[in-house]
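Biologist: Could you take me closely through one part of this model, the strand pairing, and then say what packs in the nonpolar cores?

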Amino acid sequence: MRASFKSPVFRHLALAIAGLGALIAARPAPGQSAGQPALHDVSVLKAQVQGFAGGANARVDPRLVVPRCLSPALSWARADVVRADCASPAWTLYVPIDQPYPAAGQPASFQPRARPAIRRGERVLVEAGGAGWAVSIDAEAERDAEGGRVALKGPAGRRFTGRIEAGGKVVLSR
């Protein structure tokens with residue numbers, strides 16, 4: 001008797017193997033107990049974002065379900081949006097925030113963590129020069145500025161890095 005892929009025996013065997021694969025994939029990750037959920041606590045994520053944003057209210061839907069992440073990386077996506085990234089398992093969330101106001105008991109001089117001086121999509125004037133000469137071009141920021149540097153794209157599509165100096169002046173990095 002010849003086995004056929006359309007036979008009921010083959011279908012049952014394929015379903016059993018698929019079910020076994022699903023059970024193996026659903027097992028707890030190494031270092032995670034079987035009773036511990038594999039989901040990130042959204043209230044903890046909200047607190048992390050609010051701390052990053054200097055106390056501004058983070059608008060996170062409590063019904064949100066994301067895989068557990070030991071330490072999500074936080075950065076500014078826009079002036080009013082924080083980006084939360086997890087490397088493993090890979091996920092990204094964009095969390096809108098409200099503009100912060102000093103809470104009761106905080107000094108009036110309370111300021112949130114500084115936002116990037118130059119944000120993605122902004123047009124900037126970039127200078128390059130030496131003793132007795134200077135040239136400048138208009139460029140677009142490809143990402144938010146980080147650490148005094150900003151990734152730029154010139155008018156011909158050429159990419160380069162600019163250094164942000166005092167007063168927001170951008171000069172060509174060497």
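Modeller: Strand β4 (residues 123-130) pairs with strand β5 (residues 133-141) in the antiparallel sense, over eight bridges; strands here are DSSP runs of E with at least two residues, helices are runs of H or I with at least four, and both are numbered from the N terminus, while two strands pair if DSSP finds at least two bridges between them. This is a predicted model, in which local features need pLDDT of at least 70 and side-chain atom pairs count only at pLDDT 80 or more, whereas totals for chains, interfaces and linings use all residues. Residues are numbered from 1 along each chain as its sequence is written, and side-chain values use heavy atoms, with hydrogens and water left out.

Within this pairing, alanine 128 stands opposite valine 135 of β5, and in the hairpin of β4 and β5, which has two residues between the strands, glycine 132 takes a positive phi near 85°. β4 also pairs with strand β8 (residues 170-172), here in the parallel sense and over two bridges, with valine 170 in β8 as the bridge partner of valine 126.

As for the cores, the largest nonpolar core has 18 residues, and those with the most contacts inside it are Val49, Val82, Trp91, Leu93 and Ile97; such a core is a set of buried Ala, Val, Leu, Ile, Met, Phe, Trp, Tyr and Cys residues joined through side-chain atoms within 4.5 Å, buried meaning under 20% relative accessible area with a 1.4 Å probe, protein chains only. The elements giving two or more residues to this core are α2 (42-52), β2 (81-86) and β3 (91-96). A second, separate core of 11 residues includes Val124, Val126, Phe160 and Val170.

Terms used: Buried means under 20% relative accessible area, exposed over 50%, partly exposed in between (1.4 Å probe, protein chains only).
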